[in-house]
Amino acid sequence: MKGRKPIITALPGALDKAPPMPSWLPEFAKKEWARVVPALVKARSLASHELSTVESYCLSVARIRECEAVIQKDGLTYVSPTGETKRRPETTLLKESIEAARRLAAECGITPASRSKNRGGATDDDNQDEFGVDI
């Protein structure tokens, strides 16, 4: 884009107060919700239609902690009934949950990199058409 950069403002429709925590979330997910949602609301970067993404992020964090607890208790491998040493299934679940949490955190604006790229959602620049091209 040529010229001056658009001024980024708060997300249109951003929540003014933190919504109630879903009661069905597991304990670790509830702790993550309580940690990130108030900060997102304060930054005016969370709208109601994005709450399911935050729920998914919180669930991913909870799964990471659950898998890690099993791995710490039982180890990375186990001996199968046939006598083979095999990788514990929780290691795969842990890897998948870490990847999901990382992607969802970036999408929600929780990571430092995602916050620096976008400090809200709307811009005051109306010189772009619907495809983001200067007109």
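**Entry 1, conventions.** I am working with a predicted model, in which local features need pLDDT of at least 70 and side-chain atom pairs count only at pLDDT 80 or more, while totals for chains, interfaces and linings use all residues. I number residues from 1 along each chain as its sequence is written, and I take side-chain values from heavy atoms, with hydrogens and water left out.

I looked up the secondary structure and found four helices and four strands, where helices (H or I, at least four residues) and strands (E, at least two) are DSSP runs numbered from the N terminus. Read from the N terminus on, the order of the elements is β-α-α-β-β-α-α-β. I then looked up burial, and of the 135 residues of the protein 30% count as buried; buried means under 20% relative accessible area, exposed over 50%, and partly exposed in between, with a 1.4 Å probe and protein chains only. For contacts (heavy atoms within 4.5 Å), I noted that residues 24 or more positions apart account for 62% of those with a separation of 6 or more.

I looked up how helix H1 (residues 27–42) passes helix H2 (residues 51–74), and their axes come within 8 Å and cross at roughly 140 degrees. Here the axes are lines fitted to C-alpha atoms, for helices over the stretch in contact, and angles run from 0 to 180 degrees between N-to-C directions. That angle makes H1 oblique to H2, since angles under 35 degrees count as roughly parallel, over 145 as roughly antiparallel, 65 to 115 as roughly perpendicular and the rest as oblique.

I next looked up H2 and helix H3 (residues 89–108), which pack at an angle of about 150 degrees with their axes 8 Å apart. H2 and H3 are therefore roughly antiparallel to each other, and their crossing is left-handed. The residues of H2 in this contact include Thr53, Tyr57, Ile64 and Ile71, and those of H3 include Thr91, Leu94, Ile98 and Leu104. By class, I noted 15 nonpolar, five polar and four charged residues in the contact of H2 with H3.

Which residue of the loop between H1 and H2 did I look up? It was arginine 44. Its phi is near 55 degrees, a positive value in a residue other than glycine. Most residues other than glycine have a negative phi. At 30% relative accessibility, arginine 44 counts as partly exposed.

Leucine 76 lies in the loop between H2 and S2 and is exposed, with a relative accessible area of 53%. Leaving aside neighbours within four places in sequence, I found leucine 76 in contact with Ile71, Lys86, Arg87, Arg88 and Thr91; leucine 76 and threonine 91 are 15 residues apart in sequence and 6.9 Å apart in space, C-alpha to C-alpha.

Tyrosine 78 has its place in strand S2 and is partly exposed at 30%. Tyrosine 78 and arginine 88 are 10 residues apart in sequence, and their C-alpha atoms are 6.1 Å apart.

Lysine 86 lies in strand S3 and is partly exposed, with a relative accessible area of 35%. Not counting residues up to four places away in sequence, lysine 86 touches Leu76, Thr77, Tyr78 and Ser80.

Notes
A crossing is left-handed if the near helix is turned anticlockwise from the far one by less than a right angle, and right-handed if clockwise. Ala, Val, Leu, Ile, Met, Phe, Trp, Tyr, Cys and Pro count as nonpolar, Asp, Glu, Lys and Arg as charged, and the others, Gly among them, as polar.
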